[in-house]
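Here are my notes on the model that you asked me to look over.

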Amino acid sequence: MKLTLYQADAFTEKVFSGNPAAVVPLQEWLPDQTMQNIAEENNLSETAFFIPDNKDFHIRWFTPTTEVNLCGHATLASAHVLFNHLGYPEPQIRFQSKSGLLKVKKAGDLLVLDFPVSELKETDLPEKTLKAFNIKPEKCYKGREDLLFVCHEEKEIQSLQPDFLSLKTLGSRGVIATAPASDSAFDFISRFFAPGAGIDEDPVTGSAHTMLIPYWAKKLGKNEMVARQISKRGGIIYCKNLGQRVEIGGKAVTFLKGEIVI
């Protein structure tokens with residue numbers, strides 16, 4: 001069997017930055033283990049697969065080790081492939097997923113994700129956190145799948161050197177660390193760690209912003225913000241709080257188009 005595979009860098013306008021994702025368009029689902037094997041072979045933080053679903057599409061995402069319920073950058077990359085390589089004619093794409101309906105629209109030179117928020121619940125700092133991180137966050141929140149650690153300033157996030165083995169024991173998909181941005185061009189910054197899902201540090205994480213956007217919207221008293229994820233590759237996220245949903249905007253660029261044989 002031969003399948004077309006695309007790789008796009010999401011939340012960036014130039015290759016070798018942002019977050020790379022593989023995208024494999026399908027007409028029908030492959031066996032789950034086959035999709036997991038492809039994702040493991042790709043060895044990127046996410047590989048997205050989608051199939052036609054009436055007028056919509058159905059999308060699934062796999063890390064090198066597991067299937068996940070939501071992924072922002074691979075959804076952005078999938079929309080980029082549909083719009084720019086597969087000739088999708090409408091201005092908005094609807095994806096059905098394990099996290100419900102997800103939408104992606106064109107807005108000028110941006111692609112904008114419309115995702116459900118992850119409700120925040122303040123919680124005690126897990127005791128294992130101090131072992132996993134070299135800082136102590138000011139506050140800790142639990143979301144749908146992730147923990148959110150809020151710090152006082154950006155340099156604390158920049159200096160983070162997590163113990164990834166300890167992070168695997170925290171009982172959440174991943175940990176988001178965030179602080180106000182020191183650069184006035186941005187409202188807040190973040191990093192995201194998910195070693196339990198096979199990703200020590202994710203370069204730019206759309207799904208993390210389903211927690212970050214409602215938190216910072218309330219904290220800053222504004223519904224439109226620009227964020228930066230300060231991983232080594234880095235990326236810029238254009239954020240809008242809509243109440244029960246959030247808009248997560250970014251750009252994407254194609255790195256390769258190829259064919260896999262399985």
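1. Which residues of helix α6 (residues 209-220) are buried? In this predicted model, where local features need pLDDT of at least 70, side-chain atom pairs count only at pLDDT 80 or more, and totals for chains, interfaces and linings use all residues, the buried residues of α6 are His-209, Thr-210, Met-211, Leu-212, Ile-213, Tyr-215, Trp-216 and Ala-217. Buried here means under 20% relative accessible area, exposed over 50%, and partly exposed in between, with a 1.4 Å probe and protein chains only. After α6 comes Gly-221, with a positive phi near 70°. Residues are numbered from 1 along each chain as its sequence is written, and side-chain values use heavy atoms, with hydrogens and water left out.

2. As to the whole chain, there are six helices and 18 strands, taken as DSSP runs numbered from the N terminus (H or I over at least four residues for helices, E over at least two for strands). The radius of gyration of the chain is 18 Å, which agrees with the value near 18 Å for a compact globule of 262 residues; the radius is taken over C-alpha atoms, and the globule rule is 2.2 Å times the number of residues to the power 0.38. Along the principal axes, the C-alpha atoms fill a box of roughly 50 × 40 × 30 Å.

3. Of the 262 residues, 55% count as buried. Where contacts (heavy atoms within 4.5 Å) join residues at least 6 apart in sequence, 62% of them join residues at least 24 apart. The chain exposes about 11,900 Å², of which carbon and sulfur atoms supply 47%, the areas coming from the Shrake-Rupley method with a 1.4 Å probe.

4. Asp-9 belongs to strand β1 (residues 2-10), and because its relative accessibility is 2%, Asp-9 counts as buried. The side chains of Asp-9 and Arg-233 are joined by a polar contact of 3.3 Å, a term that stands for a pair of N or O atoms within 3.5 Å, where within protein one must be able to donate a hydrogen and the other to accept it, and residues adjacent in sequence count only if both atoms are side-chain atoms. Leaving out residues up to four places away in sequence, the residues that Asp-9 touches include Phe-16, Arg-233 and Lys-251.

5. Ser-118 sits in the loop between β8 (110-116) and β9 (121-122) and is buried, because its relative accessible area is 3%. Apart from neighbours within four places in sequence, Ser-118 is in contact with Gly-143, Arg-144, Thr-210 and Met-211. A polar atom of the Ser-118 side chain lies 2.7 Å from the backbone nitrogen of Arg-144. Although Ser-118 and Pro-214 are 96 residues apart along the chain, their C-alpha atoms are separated by 8.4 Å.

6. Two backbone angles deserve a look. Most residues other than glycine have a negative phi. Phe-11, however, is not a glycine and has a positive phi of about 65°; Phe-11 lies in the loop between β1 and β2 (19-25) and is buried, with a relative accessible area of 2%. Asn-43, also other than glycine, has a positive phi near 55° and is found in the loop between α1 (32-42) and β3 (47-53). Asn-43 is exposed, because its relative accessible area is 58%.
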